[in-house]
Amino acid sequence: MRIRSAALTAVLLGMLAIPAAGAAARATSPPAIDAPPMGWSSRSQGCSVSETSVWQAADGLAALAPAGYRYVIIDGCWLAPQRDGGALVADRTRFPSGITALADHVHDKGLKLGLALSAGTKACAGGGPGSYGNEAADGALIRSWGVDYLKYDWCSIPTADFPGKNSQAIAQTLYPRMRQALGDTIAFAMNNEDGNSVPWLWGAQVATTWRTNVYNRPITDNYAAMVGIWETDMLRADYPGPRSWADPDLILAGGGGMTEAEYRTQFSLWAMGAAPLVLMADPVKAPAAIVANSKVIAVDQDPLGVQAHFAATDGWYHVLVKPLENGDRAVALFNESDRQTTISTTASRLKLPHASAYRVEDLWTGEVTLTEGRLAAAVPAHGVVMYRIGAGREQAPPAVTFEVDPATFLGDDRPSALEPGRENELVTRVTDTGGTDRLDDVEVTLDVPEGWQTRALTPARSSGRLGAGETFTVRWAVTPPAGASRTAFEIGGRAAFGWRERTAQVSGRAVVQVAEAPARGTTALSDLGWTRATSHLGPVERDTSNGDAAAGDGRPITIEGVRYAKGLGAHAPADIEFYVARRCSEVRFLGGVDDEVGANGSVQFEIWADGERVARSGVITGSQPAVRVSAGVRDARYVRLVVTNAGDNAYFDHADLADATITCD
């Protein structure tokens with residue numbers, strides 16, 4: 001979670017005086033685009049993009065047009081290397097028919113065409129000229145081709161032509177020039193990713209969309225990168241508005257780098273942010289169940305046009321609220337952590353108008369419930385639960401919170417560990433959160449993977465009625481088979497109940513980790529399975545040094561000429577976690593920088609017992625002998641061995657944890 005550090009940047013930038021825009025900036029305004037643009041970008045194709053590939057993408061996007069997707073955007077590599085008679089020309093190899101013919105083809109499908117240009121002297125990708133000094137002619141040509149959208153990049157800017165001006169002043173000079181040249185019907189995407197130009201402070205005067213990055217960092221298809229960009233976007237939440245929206249970058253669904261739940265999370269967060277919904281993946285591969293969800297899209301496209309704000313956040317668990325034109329609120333409960341958790345809020349915190357009851361619609365499941373004012377959901381790890389909430393009472397059950405394996409303390413971000421071949425206790429919990437009716441005859445069932453055994457340790461059917469805020473808890477014994485893979489599994493459950501002589505049910509799920517605690521006595525950590533391990537370059541190695549980037553390429557662990565037969569080799573920063581089940585007492589190892597990097601490198605070693613750091617080595621360099629690091633870890637469920645960079649370049653930080661052992665009862 002990086003909100004705090006990024007927030008400082010935002011505060012400092014916000015303290016900057018906004019310079020008066022020039023006459024060109026004052027004379028312009030964003031084009032008349034009524035909602036954040038939706039479409040597809042060719043970015044993932046790079047310079048393999050062609051007339052044919054754009055036709056194919058347009059064919060795929062046409063199937064998503066009913067959901068609102070319109071723009072087919074060629075993100076670079078379309079220009080010829082040189083102008084022809086001073087005019088821009090499409091690359092004749094990639095686009096032999098020219099841009100006008102391509103625009104006609106796209107328009108015939110009910111879609112719109114977008115291109116990318118640069119505000120500097122050269123295009124950002126694929127070669128070709130920039131528009132610097134030719135804005136009026138290039139804008140007129142773009143219009144004559146029938147182009148509907150321009151992504152205006154920030155590459156090869158001739159800063160020497162602007163003595164005494166910073167990035168912001170230069171951007172405020174160049175972007176309005178092109179904006180004026182385009183006219184008021186073409187969507188203008190201001191893609192100045194250099195955060196020094198602080199586009200959120202002035203972009204609404206010029207652009208349909210403007211980027212929110214602090215520096216040039218296009219989005220990549222993984223969860224951590226996506227969340228980092230979203231966090232930066234949230235720092236700009238006060239600046240977007242109708243017809244000028246913050247752009248945190250492309251929608252990744254269909255790319256393959258994240259889970260379905262994580263793609264659903266990104267789509268929800270972007271919709272709450274009133275962000276452009278522009279696909280990176282081939283439209284045919286983008287999962288329609290996510291990217292064509294009409295109710296989530298309606299939140300993104302809501303005419304009020306504002307971005308969501310935090311109603312509550314503690315760094316891991318977030319409550320976002322977005323006002324909608326009809327008075328409803330869109331609400332997203334986002335669990336950034338690695339374990340399912342229950343996130344709750346209230347109508348007053350969401351600033352809903354006072355009402356005797358509120359209608360709550362889950363925008364991903366379609367379920368409708370009622371609440372008197374409390375709202376809670378068990379949110380999966382890396383997941384979002386998204387609602388539309390407004391005043392109203394109808395024939396619907398009360399909002400019910402169903403938790404499978406709830407966390408035992410706030411901030412617990414590790415899945416429960418279940419030991420194979422042994423009974424492990426889990427809990428399910430049903431709460432009448434909404435309180436508009438009592439729940440009758442609550443009955444809970446638990447679903448486990450094939451071959452697992454489960455039995456209720458307490459009654460799985462309630463003996464009475466559940467009133468507002470009351471909870472029904474069931475304890476379960478769950479036994480994975482002895483041969484179960486030491487990996488993560490999903491457990492599901494359902495709670496059926498009656499209300500007003502009707503029946504309803506809710507479902508829930510949790511991820512658990514099958515893991516085995518060390519045996520009694522002292523065991524080498526390199527002989528144990530870890531529950532997770534990360535290393536800066538290459539994987540963590542067993543009984544060898546880190547080596548290079550490939551797995552298994554390590555060398556004998558050697559620190560200042562002393563060789564060790566056992567241990568762990570990593571590249572800082574690194575984090576290695578073991579499940580110990582509160583049955584172990586001490587961890588110890590000899591920490592140092594491996595001789596394979598000579599006298600280079602500097603690292604620090606730490607031992608963590610659950611959420612507490614219990615040992616720290618101090619800085620160790622490549623010219624020092626190994627240092628003994630040890631700590632008591634009694635009562636810990638998990639032990640983590642962490643190696644941090646000591647503040648210099650991490651290139652040589654090949655860290656050894658030699659003779660690493662754990663002692664258990």
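Before we start, a residue is called buried when its relative accessible area is under 20%, exposed when that area is over 50%, and partly exposed in between. Please keep in mind that this is a predicted model, with a mean pLDDT of 92 for the protein, where 94% of the residues reach 70 or more. Over residues 1–27, however, the pLDDT is below 50, and where pLDDT is low, the predicted coordinates should not be read in detail.

Now to the cysteines, where the count comes to three disulfides. Let me begin with Cys124 and Cys155, whose sulfur atoms are 1.8 Å apart, and whose link is right-handed, with 105 degrees about the S-S bond. Cys155 has a relative accessible area of 21%, so this residue is partly exposed, and Cys124, at 39% relative accessibility, counts as partly exposed as well.

The disulfide that joins Cys47 to Cys77 has an S to S distance of 1.9 Å, and because the torsion about its S-S bond is about -55 degrees, this disulfide is left-handed. Here Cys47 is partly exposed at 35%, whereas Cys77, at 4% relative accessibility, counts as buried.

Finally, Cys584 and Cys664 form a disulfide with their sulfur atoms 2.0 Å apart. This pair links distant parts of the chain, with Cys584 in strand S32 and Cys664 in strand S38, 80 residues apart, and both cysteines are buried.

Counting bonded cysteines along the chain, then, the disulfides follow the pattern 1-2, 3-4, 5-6.

Definitions and conventions
Residues numbered from 1 in each chain as written. Predicted model: local features only at pLDDT ≥ 70, side-chain atom pairs only at ≥ 80, totals over all residues. Heavy atoms only, no water. pLDDT = per-residue confidence, 0-100. Contact = heavy atoms within 4.5 Å. Disulfide = S-S within 2.5 Å. Buried < 20%, exposed > 50% of the residue type's maximum accessible area, 1.4 Å probe, protein only. Helix = DSSP H or I, 4+ residues; strand = E, 2+ residues; numbered from the N terminus.
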